[in-house]
Amino acid sequence: MSSAGGDGGVVSAVLNRWTGRPYSQTYHQILHKRTTLPIWKQKDEFLQLLNSNQTLILVAPPGSGKSTQIPQFILDSLHHDRTDQMMMIGCTQPRRLAAVAVARRVAAEMDVAVGEEVGYKIRYQDDSGEKTVVKYLTDGALVREAMADPRLGRYKVVVVDEVHERSLGTDVLLGIMKESVLGNRPDLKLVVMSATASEGERVQAYFNGAPLVKVREEAHPVEVVYSRESVGDYLGAVVRKAVEVHLREPPGDVLVFLAGEEEIEAARRGIDEEVRNLGGDRVGPVKVVALHSALPEAMQEEIFDPSPSPPGRKILVSTNIAETSLAIDGIVYVIDPGFDKQNVESLVVSRISKASAQQRSRHAGRTQQGKCFRLYTERTFNDEMPPETYPEILRSNLANVVLTLKKMGIHDLVHFGFMDPPAPEALARALEELNRLGALDDEGSLTKLGR
Ligand SMILES: Nc1ncnc2c1ncn2[C@@H]1O[C@H](COP(=O)(O)OP(=O)(O)OP(=O)(O)O)[C@@H](O)[C@H]1O
């Protein structure tokens, strides 16, 4: 790989390399903004290391440009010859919404249509095609592709993004890459990206000391304000705090974290109502924007709309997706009740980890000096919150994982090198269950039904 050519350079060619058409006005505007992202300063370092290593780890804080820029850096460094069999860069995301949102953004950055050179694939939707060279997909979608093609023959580079979330799909994918794909495909490269240094270093150890590039954080100080006593009704507290910030604090947008769709919609209504009761626009117009995976796509785009100018402000009420999967500009205040759902499908709400709380507060300091209001006490933070995110694989039913690995021809599951191996009892339970359902025979091989 060399970093010759490409349309992502600061000096861009007149014609779009992919469409052959002149670049649009928007393209140039976005390009200017892209080149100021922190990750651009380490582009050469990144590409040089990727050139000489099969696996590379990247640690970069949210908003530095990992998800949008890295696949484009790689693309620009490859010599694509249309007469060759085209090979793709695949970039995985734990969340469907993020896969779609990032694909759209990157298509706009490259001035191409979504589904053509830049596509995405999530569980029920495949918007990619023959021309696709950069494909964003959920980690689960790539695992399913690996079942059908264990060599991942369509890919030249696989980028596993948001690894710090330690989703089940990510852990299975990393296991498959390490134990099977990388050995069979010496020409395939793997880039693993994490927002936290601690997970980045764990992945580095897992991949036998692969080189790690750390993008320097350009953050402003964030003042963390704890509640003096613990709050019972955190939804009510969130609404009150959001309105209070709007009335009392200097300009800047607000990011509120809540655990799920219903809470988010309730908070949105609550904030709107309070602001109306206070006289609406007299206290400055407030645009409350919700962000959760059940929203129609058009509404998801609203989160990137410009904020009303001061004294107005935008209040974004989001699930954990805004913690590390989508970086939104202009946030100066963060309101964190300290809870999240255990996983997307789960109804159980539990305390987040300290690492998550720290990630959340960092959003307040991306644009300028900011403030994070934690709606719990400092004691709760110190005594009740676990230090790190607990990998999903250690709390999941493993039946699907077992089926996937068996389908790929991996039979010795007990010795399969997961980053955090699940307990042998959990594997045994999954094997028994699959046997009972008739998906595995008594020897542990896939039956027709299992396949
Ligand atoms: N849909 C969008 N509309 C406008 N700007 C966007 C959009 N998506 C990304 N950006 C801009 O690109 C920047 C980099 O986003 P990117 O997702 O690559 O960051 P990241 O380092 O991967 O963070 P994260 O892990 O949170 O996604 C953002 O800070 C934002 O300025």
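**Getting to know the sheet and the ligand site**

Colleague: Over how many bridges do β6 and β7 pair in the parallel sense?

Modeller: Strands here are DSSP runs of E with at least two residues, helices are runs of H or I with at least four, and both are numbered from the N terminus. Two strands pair if DSSP finds at least two bridges between them. In β7, V157 has K189 as its bridge partner. For β6 and β7 the pairing is parallel, and the number of bridges is four.

Colleague: What kind of model is this, and from what number are residues counted along each chain?

Modeller: It's a predicted model: local features need pLDDT of at least 70 and side-chain atom pairs count only at pLDDT 80 or more, while totals for chains, interfaces and linings use all residues. Along each chain, as its sequence is written, residues are numbered from 1.

Colleague: Which residue in β7 is the bridge partner of I57?

Modeller: β1 and β7 run parallel, and five bridges join them. I57's bridge partner in β7 is V192.

Colleague: How many of β7's six residues are buried?

Modeller: Buried means 20 or more other C-beta atoms within 10 Å of a residue's own, exposed means 12 or fewer, and partly exposed is in between, with C-beta atoms placed from the backbone. K189, V191 and M193 point one way, L190, V192 and S194 the other way, and all are buried. In a regular strand, side chains alternate between the two faces of the sheet. So β7 is mostly covered, and the count of buried residues, by that cut-off, is six.

Colleague: Which are the edge strands of the eight-strand sheet?

Modeller: The sheet is open, with mixed pairing, in the order β4-β3-β5-β2-β6-β7-β1-β8. An edge strand pairs on one side only, and here those are β4 (125–127) and β8 (212–214).

Colleague: Which element gives the most to the shell around the ligand?

Modeller: A residue is near a molecule if its C-beta atom, placed from the backbone, lies within 6 Å of it. There are 20 residues around the ligand, the closest being P62, K66, S67, T68 and F304. The elements that give two or more are α3 (66–77) and α4 (96–110). With four residues, the one that gives the most is α3.

Colleague: Is T35 buried, exposed or partly exposed?

Modeller: T35 sits in the loop between α1 (25–34) and α2 (43–52). Because T35 has 15 other C-beta atoms within 10 Å, it counts as partly exposed.
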